[in-house]
Structures are given as C-alpha cells and as structure tokens.
Amino acid sequence: MVIKKVFFFAVLFLLVGCHSSKPVVRTTKSNTSTRTVKKPVSSTKTSKETVKKVEEPEVLVATSAVKVTPEIVTKYIEDFKGIAKNNMTQYGIPASITLAQGILESGSGTGVLSVKANNHFGIKCHKEWEGPSVRHDDDSEQECFRKYEHASESYRDHSMFLTTRSRYASLFELPKDDYEAWATGLRAAGYATDPKYPEKLISLIERYQLYQYDEEVLKSGTTSQTSSSKSKERFSEKTYTVVQGDTLYSISKKTNIPLDELKRKNNLKDNSIAIGQVLKL
C-alpha cells in the first residue's frame, strides 16, 4: 500500500510539473507577437521621407548658390510684383522678365547681396557709381557691388541699366508679351554668361505663371512703347535724350562725362533738364 501511495504521488507530481510548463510556451509566443508590432514604424518613416522629398528646396544661383522653397519664391513674387509691373509701365521691360531675374539673381531675396545690400540683381558698382557699396566674391574676389537703402531702388536701377545701354536696344523691338524672346535676347546681348540663363528664366516664368503680370499691364494699356529707333536715338554716341527719372548728375555718371562739361556743351546755367530734352555728349 505504501508503495502504491508513493507511486501515485510521484505520478501526480510529474503531471503538475508538465502542466505548469505550458505558460512558458505561451509567454514565448506572446513575446514573439510583441516584436512584430513594430512593423508599422518603418512605414511612418517612409511617409516622412516622401514629404521631405516633395518639399525639397531648389537651388537658385544668385551671386552665391542658395536653396529656397516654393513658399519663399511665392512670397517674393507677392512682395515685388507691383514694383515689376510699375517698371514695365514706365520702362517697357516685361514684368515677368524682371521678376524672374530678381528671383534667380537674388535667390528670392535670400542671397548675400540682397540681404546685406538690397541688391537683387547683382549690379556692380561700375565707374559711374558713387553711392554706398559692399564687397563680395563673384567673378573675382571682393568685387564692388552697389548697396541700396530699399530693394525698390535696385529694381529701378535694373530697369535703368537695360534702358540706358545701347547693347540692349534691340530688346525693345520685341513684343512685350514674348518672355521667351526677351530671355533669349538678354543672353544674346551679353547680360549673362551662363548659357542656360534663358532656360532658367523661362522655367521660373512658366512654373510661377509670371506672364500673368505682363498680361495685366498690357490690358491696362499703359505700357511704355519704347521703340528700337527711340532707343538708338537716346543711345547715340553724340546725344542723349532725357527720360523720366533722369537728372543731370545721373546722366553724367551714365555717360562718364563730367557734370561741368555736360553743362558747358549744352549751355546750361544750372542742373535743370526736361523730359525729351536732347543733350550733346
């Protein structure tokens, strides 16, 4: 009897031990399933990476390469479209071209020169400039660039630059709504050395629909009708025809002729001049 009881308890002990091992198996399976819960995390990362790729900024080559987002470009357009349209009205340069050049050459206002000098077109000092200036590495080290109090002055100088130099006179023969011809014409006239300069301007104009501002000005009927013949007349080697915004001092600087000499050649007693007046050079 004693032997039977011992055998019975031994068998009972073994059965309880085997039964208690089952939860260990379940725990192992549970741990395995817990590890697999992490799979959705990788898809979340992929989603974020995709968003970053979509919003990746583009590189604009100003006087230094800068990266800007479409939001920055759009904000720049909103800030300067009015000035570009006014300049188109006064000087006859398509607003789309002016804006595209401003976006490209200033890095949408984020480039070094535009930030520290309000110079949005990389206009260098040249011999006639006596205003404030800054030094910046460009084609050569520490070149002289014009500095402006307001960015609008840079826009005006850009328009004056194109309308007061004879090599750009042929541009004003082109239709005001043909931005492709203007972009190509600027490169042909020597405005930029980059062979892809026209393509870059056209791409910006079409991507941000800048041509709509040309249409708005043309519909208003107030665009400057500067013709090739008028441009050539103004840029004659022997005469200069005064336009709105000119002063005798600014003409002296543009033509590199001393102020006193201009007054003497034109029998001027003071610095007063009138729009349309033809000055001897």
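Predicted model: local features only at pLDDT ≥ 70, side-chain atom pairs only at ≥ 80, totals over all residues.
**Cores**

I began with the largest nonpolar core and found that 43 residues belong to it. Tyr191 and Leu210 have the most contacts inside this core. I then looked up which elements give two or more residues to it: strand β2 (65–68) and the helices α4 (70–91), α5 (95–106), α7 (151–163), α8 (179–188), α9 (197–207) and α10 (211–220). Helix α4 provides the largest share, seven residues.

I went back to Tyr191 and listed what it touches, leaving out residues up to four places away in sequence.

Another core lies apart from the largest one and has nine residues. Among them I noted Tyr240, Val242, Ile251 and Leu268.

**Thr163**

Is Thr163 buried or exposed? I found Thr163 in helix α7, and its relative accessible area is 5%. The cut-off for buried is under 20%, so Thr163 counts as buried. A polar atom of the Thr163 side chain lies 2.9 Å from the backbone oxygen of Ser159. On the spacing, I noted that an α-helix has 3.6 residues a turn, so residues three or four places apart point the same way.

**Helix α12**

Which residues of α12 (residues 248–255) are buried? I wrote down Leu248, Ser250, Ile251, Ser252 and Lys253. Ile251 is also one of the residues of the nine-residue core. I then asked what covers the buried residues of α12, and the cover includes β5 (239–241), α13 (259–265) and β6 (278–280). After α12 comes Asn256, and I noted its positive phi, near 60°.

**Disulfide**

How many disulfides are there? I counted one. The disulfide joins Cys125 to Cys144, with an S to S distance of 2.0 Å. The angle about the S-S bond is -65°, and the link of Cys125 and Cys144 is left-handed. I placed both ends: Cys125 is in the loop between α6 (112–117) and β3 (133–136), and Cys144 is in strand β4 (residues 143–146). The two cysteines are 19 residues apart, and the pair links distant parts of the chain. Last, I looked up the exposure of Cys125: its relative accessible area is 6%, so Cys125 is buried.

How values were computed: Residues numbered from 1 in each chain as written. Heavy atoms only, no water. Core = buried A, V, L, I, M, F, W, Y, C linked by side-chain atoms within 4.5 Å. Buried < 20%, exposed > 50% of the residue type's maximum accessible area, 1.4 Å probe, protein only. Helix = DSSP H or I, 4+ residues; strand = E, 2+ residues; numbered from the N terminus. Contact = heavy atoms within 4.5 Å. Polar contact = N/O pair within 3.5 Å; in protein donor to acceptor, adjacent residues only side chain to side chain. Disulfide = S-S within 2.5 Å.
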